[in-house]
Amino acid sequence: MFASPLLTVLVVPLVGALAVGALGARPNAREAATLITATTLFVLVAALVPEVAAGGRPAVELFEVLPGLPIAFELEPLGMLFALVASGLWIVTSLYAIGYMRAHDEENQTRFFVSFAVSIFGAVGVALAGNMLTLFLFYEVLTLATYPLVSHHGTEKAVRGARTYLSVLFTTSIGMLLLAVIWTWVIAGTLDFRPGGILAGRAEGGVLIPLLALYAFGTGKAALMPFHRWLPAAMVAPTPVSALLHAVAVVKAGVFTVMKVIVYIFGLDLLSTTGVSEWLMYAAAFTILTASIVALQQDNLKRRLAYSTVSQLSYIVLGAALANAWGVIGGSMHIAMHAFGKITLFFCAGAIYVAAHKTEISDMRGLGRVMPVTMIAFMIGALSVIGLPPMGGTWSKWYLSLGAADAGQLVLVGVLMVSSLLNIAYLMPIPVRGFLFAPPDGPERPAIKEAPLFCVIPICFTAIGCVVLFFYSTDLLNLLQPLAGP
Amino acid sequence: MESQLPPLQIVIPLVAAPICVLLRNRVVTLGFAIAVCWATFGVSVALLDRVLASGAIVYEMGGWAAPWGIEYRIDALNAFVLLFVSGIGAIVLTFAPRSMGDEIPASRQYLFCAVYLLCLTGLLGIAITGDLFNVFVFLEVSALSSYALIAMGGRRKALPAAFQYLVMGTIGATFILIGIGLMYMMTGTLNMEDMAARLPIDGGVRTTLVAVAFLTVGIALKMALFPLHGWLPNAYAYAPSVVTAFLAATATKVSVYILLRFMFSVFGIEFAFEDLALGRALLPLALLGIFVASIVAIFQTNIKRMLAYSSVAQIGYMVLGISFATATGLTAGIVHLFNHALIKGGLFMAMGCVMLRLRSVDIEDMAGLGRTMPWTMAAWVVGGLGLIGVPATAGFISKWYFIQAALEQGWIIVAVLVLMSSLLAVAYVWRVVETAYFREPSERAREASEAPLSMLIPTWALIGATVFFGLFTTRSAGVARQAAEALLGGLP
């Protein structure tokens, strides 16, 4: 359709959004449009994998927004991975969302599905961006497109949550990220993503440290503390939104940006030789531990998962900050591994809400007997997030630990271990209560009552995905290898 | 014909104004005036094309050579100003017929057209002329007609607002006249180029210094630079919607142009910015203005008033760009003239749509309006995003240049302040968004229906332009960059 397959990939979700909007009056056709768009997008993205895996870097440049600064797209392994994860999980989430939204009889479903498609457009744009300006543009598209999703219910609570969401994300992106981008432009005279970075030889440590801080904290979507508050606030959104956007697309767009900046703007050599990113390792470690501890104290399941996400995102930031081969590969791999694990957990939380109308963990005793499939899936997702075999999460944590050891940061290896223990402490009580405790009232063996099939199938799919990723991690490793440099 | 474009730019609207009075019939007059505005716009498009293709144009009025006669002198900067002033003039007047319906009595609408054209003539005249006294004359033409325009609303509050503007505006104009008079006294010339060559600036001649002081304060009053902005909020809040949209997008911008022209073309950058260090006086005023006005805007309940305070803040940005006195800083200031004209014009036109249906622009009455007037409010949101400076809107381009300019100077704090101030814009824009989309509709909003197409189309034309010029900037930032370089290089 277009000169470049990248543009086709970008246009598909937009066309999808228009189609969904046009079919608003006919829910079945509208949902079919969402599913067809999601599938088409995934197929198109997947078709690009062989080329990128073979070392190809499909690129296209549109027009110049400012002299020397075009809107440009280039697909490299990290973006490939992110695009693949976001578009693949969109199909599953669409199925789930259809079940969830209908079971709940939600209002404004057309607006919901249109915004969803536009959000995916933003996420894919971030993944494909060929320079920092393009990335920033789509980063903000993603912020704005998700706003109506977070405020979906329109209640005072939702509006307040959405206000926190928007104000934190705007404060960080406008206040810091944009400054970092323009500063980079003034220093380097380019914003292209280049292997080896664009800052080497152009700036000293006195500039690099504040610049890195602006990037790391300015990417609010990466939820590095103290700019993480938007994520728990976003939990007022319907669960499919929390699942895809606030466990996958939006937050991963954030850590993806950090990773991309470290690898292609700063360059690993510059960071490892100057030690400019050392403080960031500890900032990330702090977030990992603190957020886990906060998660322990949450009784609301979605909030607990949100803080868990905050913690897990910093794994990826940590991997980037390590600025060595294993760190970057482990961090990037964690984008995919955590995506599958966490989306499963959110799907389960939503299913529990739909079927049993429970949101608090303390009310979930004996729930495994009512919803066995959901609870088993929850267990699998939890194990993957914790990083135990045979789940995908094992590998990313393994490589991250290797990276930390490589960098001589044994303390950070310890942090990763302690964090895994904390993960066990806040995730395992849910299936344990579900299976081993008796229901508070009613019969000892209650009848099985799962969520609608549209909800259960996606849950099974992503849970199986967690296991599959364990066995296919070498493929990911091969894809991501070029990030570590030649 | 083509060589007569410069005078046509002025003569067409000037001659058309009295014809409007003669025509009298409401429909005929409006149609005629709209046609005249678009013709004027066409002339300015042709002028800009010629300037970009073959450099500055000089036209001697009546064949009298400068410095005896009046000459029109058009370079990239004023061609650019002419373009957006006439463009906004045409779009706003196209929007006017329906919008004026309730706000201006039908029997006076032919007068409105005449005065509107006169005001347009004045603004274009200021921009086009290369003669100092001519600047003053056109300044008065535009000022007097804008007082009349503001008062035309007939609402009670409009009259004191217009009177306040009249008093402040007259003081400003008088100061400018005194400044010009002092300069004339010393040089015996009124031609800008001639003046730039003859004005004694070495060794701090006191008369020159006094002239600079009078001019700076006078112009600052006219362009509502903080803390001389007192007249603006009321004038914009209580004028008829059409008038607000037109004046907000053009009048203060033309005053900024006068400042640029005087400081860079007449006094010269070395005198104004190195000897007098005018930048150091303007920079803190600009920053203060940005912050104070933005914070005040957050607390307004009348949304037109809120946008008016936002305008005061935006003038701060333009002056900030000028105070850098570098190519990037000037580019930022000049491109923001244009971008802000589009954004604010579009926003005030959206408010015109709201006014038509609600007969109020109070935030309480706008509750739930997102449901009953979706297109109007969507336009408002896009315009608001432009004010914030979200990427892919014109405001983003301006902001990019402002920050780049600050960083090039090594002024990181200024860059941070500019970014922080756009967060204040988020606060006042989002207050309206939340009210319009998430509150239960007010009584007035429930009864409202979408604005007529004759208003929506011009509104969306401007709002669409803010998105267009957020992505394709050769015709905005590109021209601004050319203009900035020309300014730094002296007169064309």
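Guide: Before we start, helices here are DSSP runs of H or I with at least four residues, strands are runs of E with at least two, and numbering goes from the N terminus. The model under discussion is predicted.

Visitor: Then where is Pro390(A) placed?

Guide: Pro390(A) sits in the loop of chain A between α16 (372–386) and α17 (393–406).

Visitor: And the peptide bond from Pro389(A) to Pro390(A), cis or trans?

Guide: That bond is cis, and its omega is near 5 degrees.

Visitor: Which residues does a cis peptide bond join in chain B?

Guide: Phe226(B) and Pro227(B) are joined by a cis peptide bond, with omega about 0 degrees. Pro227(B) belongs to the loop between α8 and α9 (232–238) of chain B.

Visitor: Staying with backbone angles, what is phi for Arg24(B)?

Guide: Arg24(B) has a positive phi of about 70 degrees, although the residue is not a glycine. Arg24(B) lies in the loop between α1 (5–23) and α2 (26–54) of chain B. With a relative accessible area of 52%, Arg24(B) is exposed.

Visitor: And phi of Ala392(B)?

Guide: For Ala392(B), again a residue other than glycine, phi is positive and near 75 degrees. The loop between α16 (374–388) and α17 (394–408) of chain B holds Ala392(B).

Visitor: On to helix packing. At what angle do α1 and α5 of chain A cross?

Guide: Helix α1 (residues 5–22) of chain A and helix α5 (residues 109–128) of chain A have axes that cross at roughly 170 degrees and come within 8 Å. Angles over 145 degrees count as roughly antiparallel, and α1(A) and α5(A) are therefore roughly antiparallel to each other.

Visitor: Which residues make the contact?

Guide: On α1(A), they include Leu6(A), Val9(A), Leu10(A) and Pro13(A). On α5(A), Phe113(A), Val114(A), Ala117(A) and Phe121(A) are among them. By class, the residues of this contact of α1(A) with α5(A) divide into 15 nonpolar, three polar and no charged.

Visitor: In chain B, how do α6 and α8 cross?

Guide: The axes of helix α6 (residues 158–187) of chain B and helix α8 (residues 206–222) of chain B cross at roughly 155 degrees, coming within 8 Å. That angle makes α6(B) roughly antiparallel to α8(B). The crossing of α6(B) past α8(B) is left-handed, and the residues of this contact comprise 18 nonpolar, six polar and one charged.

Visitor: Changing topic, how many salt bridges are there over all chains?

Guide: A search of the whole structure finds 13 salt bridges.

Visitor: Which residue forms one with Arg73(B)?

Guide: Glu193(B) does, with the closest N and O atoms 2.9 Å apart. This pair links distant parts of the chain, as Arg73(B) is in strand β2 (residues 71–74) of chain B and Glu193(B) is in helix α7 (residues 192–198) of chain B, 120 residues apart. Arg73(B) counts as buried at 9% relative accessibility, whereas Glu193(B), at 35%, is partly exposed. A network of salt bridges links Glu71(B), Arg73(B) and Glu193(B).

Visitor: And which residue does Arg261(B) meet in a salt bridge?

Guide: The side chain of Arg261(B) meets that of Asp75(B) at 2.9 Å, N to O. Arg261(B) is in helix α10 (residues 241–267) of chain B and Asp75(B) in the loop between β2 and α3 (76–103), 186 residues apart. Both Arg261(B) and Asp75(B) are buried.

Visitor: What of Asp192(A), which residue forms a salt bridge with it?

Guide: Arg194(A) does, with the closest N and O atoms 3.8 Å apart. Asp192(A) is partly exposed at 27% relative accessibility, and Arg194(A) is partly exposed with a relative accessible area of 39%.

Visitor: Lastly, Thr37(A): buried or exposed?

Guide: At 8% relative accessibility, Thr37(A) counts as buried. Thr37(A) lies in helix α2 (residues 27–47) of chain A. Leaving aside residues up to four places away in sequence, Thr37(A) touches Val12(A), Pro13(A), Gly16(A) and Trp90(A). One of these, Pro13(A), also takes part in the contact of α1(A) with α5(A).

Visitor: And where is Val415(A) found?

Guide: Val415(A) is in helix α18 (residues 410–427) of chain A, and its 9% relative accessibility counts as buried. Not counting residues up to four places away in sequence, Val415(A) touches Ala285(A), Ile288(A) and Leu289(A).

Definitions and conventions:
Residues are numbered from 1 along each chain as its sequence is written. Chains are lettered from A and ligands numbered from 1 in the order in which they are written. This is a predicted model: local features need pLDDT of at least 70, side-chain atom pairs count only at pLDDT 80 or more; totals for chains, interfaces and linings use all residues. Side-chain values use heavy atoms; hydrogens and water are left out. Axes are lines fitted to C-alpha atoms, for helices over the stretch in contact, and angles run from 0 to 180 degrees between N-to-C directions. Angles under 35 degrees count as roughly parallel, over 145 as roughly antiparallel, 65 to 115 as roughly perpendicular and the rest as oblique. A crossing is left-handed if the near helix is turned anticlockwise from the far one by less than a right angle, and right-handed if clockwise. Ala, Val, Leu, Ile, Met, Phe, Trp, Tyr, Cys and Pro count as nonpolar, Asp, Glu, Lys and Arg as charged, and the others, Gly among them, as polar. Contact means heavy atoms within 4.5 Å. A salt bridge is a side-chain nitrogen of Lys or Arg within 4 Å of a carboxyl oxygen of Asp or Glu. Buried means under 20% relative accessible area, exposed over 50%, partly exposed in between (1.4 Å probe, protein chains only).
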